[in-house]
Amino acid sequence: MRLRPDVKVEPLVDRWHAWPHLLLPAQQALNLAFRYLPTVKSFVTAPAVHIAAAANPAMFGGPFLELPATALEQAKRWIAETETGRARALRFARDFREFDVKLQSLDGFSLDQVRERTPPSLTGLVELVYSLNNHAKIRFLEAMFETDDLGHREAQGVMLHDTPNNQRKFFLSTPRLDGDGTLFVKAAFDSAAVEALGRARYRDVDLDEIAALLGHAAADLAPYFTEGSGSSSRAPYAGAGVRVSYFGHACLLIESASLTILVDPTGAYEKEAGRDHLTLHDLPDRIDILFLSHGHQDHLTPEILIQLRERVGTVLIPPSNSGDPADPSLKRMLRSLGFKSIVTLDPLDRYQFTDGAITSLPFTGEHCDLDVHSKHCALIELKGRRICLFIDSDVIDLDVYQRILDRLQRPDIMFVGMECFGAPLSWLYGPLFTAPIPRKNDESRRLSGATSARAGRLAEAIRPQRAFVYAMGQEPWMRYLMGLAYHEDSPQLKEVELFLGHCRNLGIEAEHLYLNKVVEI
């Protein structure tokens with residue numbers, strides 16, 4: 001048996017979709033205390049407000065639970081169980097916020113006496129430091145959370161369901177409660193049980209054996225499984241050059257006859273009716289190199305990663321600003337998902353392999369001006385072909401790339417994201433702040449990719465043979481992760497058209513990717 005193609009394997013922490021900030025204990029505690037618990041309490045207090053907002057398509061992605069009135073009792077139970085069972089995590093989050101507010105009044109005098117007043121919930125897990133501008137801050141000692149994870153691992157599980165893509169609830173706003181057509185499995189993400197589910201996506205498994213691992217009866221699992229071959233539905237590339245396959249959003253599969261490189265994996269579980277595109281079943285059984293560009297939910301997607309773990313050789317990641325709440329370690333995230341062979345690339349580091357190399361490139365902007373280090377772009381060289389991935393870099397400082405122009409010029413293909421009017425600072429990072437973010441600051445600091453002018457200057461500088469705009473979040477299977485709904489007058493799409501026109505004037509073949517594209521070079 002194998003998993004049915006349309007069955008989702010959704011990782012959850014405290015019944016919320018596991019996006020990157022939920023993979024580590026400290027950031028998850030802050031989200032639990034200052035995002036999720038208040039949102040569910042708001043639903044219990046005024047369910048009609050949430051129900052009305054959820055019925056309005058324009059409100060999709062807002063802080064409203066998409067639950068019916070019949071879920072009210074489940075929501076109340078979730079609050080009670082969370083406040084009791086996750087009391088230590090909630091205490092950590094609240095003490096962190098209160099203590100950090102007190103630290104902001106310090107003017108550079110020694111922290112020795114202040115350290116003595118560190119709340120017990122934080123001791124041994126944090127360090128108090130000053131920036132060079134005498135701003136006191138709390139650093140997370142990330143390794144110490146392996147000795148005390150605040151109950152984080154115990155809160156993990158996965159849910160099996162076959163919810164259609166256009167009906168999946170937004171990842172930040174709605175907990176995944178029990179319902180018809182769902183099966184919750186309590187299991188840590190790095191467990192053998194979760195690995196077995198990932199294996200069942202592409203390889204035949206024994207239903208009784210996997211049921212025993214998951215702690216459920218085979219009869220409970222049977223509706224989610226089907227008979228048939230579990231191998232990839234797509235023939236491996238056997239040509240003399242390189243095949244680049246676009247799986248939607250920012251997911252690229254780059255193949256030679258002897259090597260496979262997968263970048264920022266997302267993808268559709270099953271074929272969308274009337275659409276021609278690749279799915280997760282078209283990924284190869286072996287992925288030699290997995291390249292992850294940064295820690296946003298549409299590029300580092302735990303739901304996809306837990307189903308690929310057994311197939312992956314080596315994962316390439318950027319370093320983090322260790323201890324900064326806004327920049328949790330990607331290495332520790334991946335370890336929590338069960339990955340073991342992880343290589344960190346500093347800027348301009350080169351990871352070599354037979355027939356080529358991957359060079360880590362600077363990734364400027366896109367992170368709301370936060371001091372986030374865990375992001376990198378890439379120059380992929382394979383079989384003499386050269387592919388530049390600028391991911392979501394907003395190219396705000398072209399001089400950064402001008403300084404390494406000799407490495408970048410005349411690639412075969414350039415990819416760049418142009419979601420140039422992204423979500424505000426608070427959308428992802430709000431719970432990590434210990435003071436309210438003024439509205440004007442929140443609106444001015446956005447998760448934005450390149451504009452047409454910035455991407456155009458980059459194309460002029462490196463002169464690729466072909467340029468592709470990607471990572472725009474338009475594919476239907478990305479809706480629950482992105483909350484986007486462009487219309488023909490959207491500024492993002494207008495900027496894309498300006499960029500494509502500029503490229504064509506330069507003699508560069510250019511295209512805005514959507515759903516599917518396969519190129520051989």
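I started with strand S6 (residues 156-161), which runs antiparallel to S7 and is joined to it by 4 bridges. The model I am reading is a predicted one.

I noted an open sheet of 4 strands, ordered S3-S2-S6-S7, with antiparallel pairing. I asked which strands lie at the edges. They are strand S3 (16-17) and strand S7 (182-185), each of which pairs on one side only.

**Aromatic rings**

I looked up the aromatic pairs next and found a count of 15. I followed up one of them, Phe92 with Phe145. Their ring centres are 5.7 Å apart and the planes stand at 85°; planes over 60 degrees apart count as edge-to-face, so I logged the pair as edge-to-face. I also wanted to know where the two residues sit. Phe92 belongs to helix H4 (residues 87-103), while Phe145 is in the loop between strand S5 (136-140) and S6, so the pair ties together parts 53 residues apart in sequence.

**H1 and H3**

For helix H1 (residues 25-45) and helix H3 (residues 72-85), I noted axes that come within 9 Å and cross at roughly 145°. The crossing of H1 and H3 is left-handed.

I listed the residues that meet. H1 supplies Leu32, Tyr36, Leu37, Val40, Lys41, Phe43 and Val44. From H3 come Leu72, Ala75, Lys76, Trp78, Ile79, Thr82 and Glu83. Sorted by class, this contact of H1 with H3 has 10 nonpolar, 1 polar and 3 charged residues.

**H15 and H17**

My last entry is on helix H15 (residues 452-462) and helix H17 (residues 491-505), whose axes lie 9 Å apart at an angle of about 25°. Angles under 35 degrees count as roughly parallel, so I recorded H15 as roughly parallel to H17. Their crossing is right-handed.

I asked which residues make the contact. On the H15 side they are Ser452, Ala453, Ala455, Gly456, Ala459 and Glu460. On the H17 side I wrote down Glu495, Leu498, Phe499, His502 and Cys503. The classes in the contact of H15 with H17 come to 6 nonpolar, 3 polar and 2 charged residues.

Methods
Residues are numbered from 1 along each chain as its sequence is written. This is a predicted model: local features need pLDDT of at least 70, side-chain atom pairs count only at pLDDT 80 or more; totals for chains, interfaces and linings use all residues. Side-chain values use heavy atoms; hydrogens and water are left out. Axes are lines fitted to C-alpha atoms, for helices over the stretch in contact, and angles run from 0 to 180 degrees between N-to-C directions. Helices (H or I, at least four residues) and strands (E, at least two) are DSSP runs, numbered from the N terminus. Angles under 35 degrees count as roughly parallel, over 145 as roughly antiparallel, 65 to 115 as roughly perpendicular and the rest as oblique. A crossing is left-handed if the near helix is turned anticlockwise from the far one by less than a right angle, and right-handed if clockwise. Contact means heavy atoms within 4.5 Å. Ala, Val, Leu, Ile, Met, Phe, Trp, Tyr, Cys and Pro count as nonpolar, Asp, Glu, Lys and Arg as charged, and the others, Gly among them, as polar. Two strands pair if DSSP finds at least two bridges between them. Rings of Phe, Tyr and Trp (its six-membered ring) pair if their centres lie within 6.5 Å; planes under 30 degrees apart count as stacked, over 60 as edge-to-face and the rest as tilted.
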